Every structure is written in C-alpha cells, then in structure tokens.
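Trainee: I have this one open for the first time. Can you walk me through parts of it?

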Amino acid sequence: MRAAAGRVSSTYRKDVPLVSAAHRKPRQRSLTGPTARTAATLALASAATATALDGAAHADPRLTPSQVKAKVDRLYQEAEKATEKYNGAQEKADKAEKKLGSLRDEAARRTDRLNTQREALGSAAAAQYRTGALDPAVQLVLSSDPARYLDNAALADRLGTRQASAVGRVQRELRQIEQLRSEADGRLAELRKRQGELKKQKKAVTGKLAEAKRLLDQLPAAERAGVGAGAGDTGAADRASRSDSSRDMPSGALPKAPDSRTAAAIAYAYDALGSPYVWGATGPNAFDCSGLTQAAYRSAGISLPRTTYSQINAGPRIPRSQLQPGDLVFFYSGISHVGIYIGGGKMIHAPNPSAPVRIAPIDQMPFAGATRVA
C-alpha cells in the first residue's frame with residue numbers, strides 16, 4: 001500500500017513586509033595585527049585537518065596479492081551466504097505469489113457460483129410475490145378443487161424446504177469466500193515481507209561483490225588470475241584444458257555413477273564446466289553453487305530445493321568415507337556452499353564470480369557434510 005503523501009502549507013502575514021537580505025548585511029571590519037595572524041593560523045590548521053581526514057577516508061594502502069586473496073575469499077564467502085538467503089527468500093516469495101494467485105482464482109470461481117445462486121433465489125422470491133401471500137386456510141376455502149390445492153400445498157412445502165436449503169448454501173458460500181479473501185490478504189502480506197527480504201539480501205550481495213571487484217582491480221592481470229580460485233585449485237591453464245576436453249568427453253569416460261539418474265546429473269554438471277558464476281542463477285548458461293546442483297538434478301528428473309541449507313536435507317547424510325559420484329558435498333559451518341562429487345576427492349561446483357564452473361578438490365574448503373539424493 002502506498003502511504004498517502006502529506007501536504008504542508010505555509011501561512012504568511014500580509015501585514016508584515018518582507019525585508020531583503022541585502023539591506024541587512026552587517027558592516028564588515030578588516031582584520032589587522034594579532035587578530036589577522038590568529039585567523040590565518042586557524043584557517044591553515046583547519047585546512048590541514050580536513051586534508052588529513054579526507055586522506056584517511058580514502059586511504060587504500062597497497063595490499064599484497066595474498067592479502068587481497070584473503071579479503072576477496074572472505075567477501076565471496078559472505079556474499080554466498082547472502083546469496084543463499086536471497087535464494088531462500090525468492091523461493092518463498094514465489095510460493096506465496098503462486099498461492100495468492102490460486103486463492104484469488106478460487107475466490108472468483110466461488111463468487112460466480114454465489115451470484116448464480118443469488119439469481120435463482122431472487123427469481124423464486126419474485127414468483128412468490130406475484131402469487132400473493134394469502135393464508136393457506138383462506139386459499140383452501142377459496143379453492144374450487146380442494147384436492148388439487150392440497151397437492152399444490154405439499155409441492156410448495158417441498159419447494160420451501162429446497163429454497164431454505166439454497167439460502168443455507170448461499171450463506172456457506174459467503175463465509176467460504178470471506179475466508180478465502182482473508183487468507184489471500186495474509187499471503188499478500190507474506191509476499192510483501194519476502195520482497196522486502198529479497199531487496200535486503202540483494203543489497204548485501206551486490207555490496208560484497210562490488211567490494212571484491214574493487215580489490216581485484218588493484219592487482220595486475222597476472223596476479224588477479226590466481227585470486228578467487230581457492231586453496232588447492234589445479235590452476236587456470238589446467239582447468240581450461242580440462243573444461244574443454246570434458247565437453248567432448250564420451251559418456252563412457254564419465255565417472256561411474258550408481259544409477260542412470262545420477263549419471264544424468266553428473267553429465268549435466270560436466271557439460272556446464274566453464275559456465276560463468278552469476279548469483280541467483282539456475283542455468284542453463286550461468287549458475288550459482290546451489291543453482292548448479294539444482295539444475296543438474298532437475299535434468300535427471302529429480303527436484304531439489306533451491307538453497308544449500310535445504311539441499312543438505314534432501315536425502316540421507318553420507319559420511320565422507322562413503323562418498324560416491326553424484327553425492328552433494330557441502331562446505332563451511334553455515335552450509336553456504338555445495339558441489340557435486342565426481343570421485344577421486346573432486347567435485348564440480350560454481351565457485352564465485354572470479355571463477356567459472358570447474359572441477360576442484362573437496363579439500364579446498366572446510367567440509368561440512370554430504371547428502372545422497374538419488
């Protein structure tokens with residue numbers, strides 16, 4: 001709902017003349033002697049202080065590549081946490097919007113049905129009005145055929161019972177429509193709340209990523225290439241080679257999966273190698289970490305929740321010693337990152353905006369758990 005804009009009015013007294021500011025300037029006196037020296041000293045001190053404060057506010061000392069890497073990694077991890085919160089809020093907002101639409105559709109259908117019932121009741125009431133409201137005993141006395149009258153009276157009684165039942169249906173319909181509208185109002189409030197959360201998390205994500213980019217831009221291109229890869233990464237050249245070859249890899253060369261659906265998910269992940277990381281993306285051309293795992297298993301006919309902290313509960317937990325290709329592997333204490341295990345201590349994952357979808361060792365991040373979803 002939009003807030004009504006307030007109106008501000010100003011009232012001026014017509015009997016008070018307006019005085020130009022130019023006629024009220026005080027007479028200025030020149031500064032000489034000690035007074036002038038004191039003023040000059042204060043002005044210089046003030047300028048020096050302002051310059052120092054301005055320099056401190058914009059000071060950005062040169063960081064070493066290792067310091068930049070540490071800060072960027074931290075920012076990416078914080079951004080990924082915010083991204084998963086954004087994804088969760090988006091998922092809930094989508095559900096709230098879908099439910100709101102369904103409630104409104106149901107309310108519209110019931111309103112149409114109610115209007116039909118009301119029209120039928122109105123027609124019955126008009127017919128009763130036209131026949132008059134004579135007392136049944138009087139109608140019996142005046143009737144030329146008492147037997148037919150009694151038959152008609154029995155029919156009227158049955159019609160009255162049906163009419164009363166129709167009125168009851170209308171009343172029930174009214175109550176149900178009111179309940180639907182009340183529930184729709186609740187869903188609308190929930191949707192607005194989720195939209196507020198989306199806006200908040202989007203601001204957090206974009207702020208973290210912008211800061212990481214600013215730090216990376218300080219480095220020469222050669223040093224920048226190694227930042228954001230994560231400890232234990234096999235290197236950009238090897239990664240690019242592996243990415244290119246895996247796209248043309250025959251199906252028999254893929255890791256052996258326990259079943260056809262897991263094999264399909266792994267094949268999708270291999271095909272996604274080299275795709276850019278885009279926060280909030282679920283494919284087919286860009287992904288964030290949970291977007292990649294969701295898309296991979298969606299291609300295999302398995303529906304996964306949207307976020308890492310929901311995906312970890314999408315199947316039974318698996319000890320690290322029993323990992324097999326296709327298992328989802330999770331990292332960090334807040335369960336903020338996920339990849340698809342492919343065997344040999346490696347996974348396919350979407351790391352961060354500085355690194356496309358790639359193969360990486362699962363040891364490069366703090367392991368938090370694994371789940372088998374197929």
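Mentor: We can take a helix, then some strands. This is a predicted model, where local features need pLDDT of at least 70, side-chain atom pairs count only at pLDDT 80 or more, and totals for chains, interfaces and linings use all residues. Residues are numbered from 1 along each chain as its sequence is written, and side-chain values use heavy atoms, with hydrogens and water left out.

Trainee: Which residues of α7 are buried?

Mentor: Thr 262, Ala 265, Ile 266, Ala 269 and Tyr 270. Buried means under 20% relative accessible area with a 1.4 Å probe, protein chains only. Seen down the axis of α7, these residues fall within an arc of 140°, so they line one face of the helix.

Trainee: And what reaches the backbone nitrogen of Arg 261 at the start of α7?

Mentor: A side-chain oxygen of Asp 259, which comes to within 3.1 Å of that nitrogen.

Trainee: Strands now. Which way do the residues of β1 point?

Mentor: Strand β1 covers residues 328–331. Leu 328 and Phe 330 point one way, Val 329 and Phe 331 the other way, and all are buried. In a regular strand, side chains alternate between the two faces of the sheet.

Trainee: In what sense does β1 pair with β2?

Mentor: Antiparallel, over four bridges; strands pair if DSSP finds at least two bridges between them. Ile 340 in β2 is the bridge partner of Leu 328. The two strands form a hairpin with five residues between them, and Tyr 332 in the turn has a positive phi of about 75°.

Trainee: What about β5, then?

Mentor: β5 (residues 367–371) also pairs with β1 in the antiparallel sense, over four bridges. There, Phe 367 stands opposite Phe 331.

Notes. Buried < 20%, exposed > 50% of the residue type's maximum accessible area, 1.4 Å probe, protein only. Arc of directions from axis to C-beta. Polar contact = N/O pair within 3.5 Å; in protein donor to acceptor, adjacent residues only side chain to side chain.
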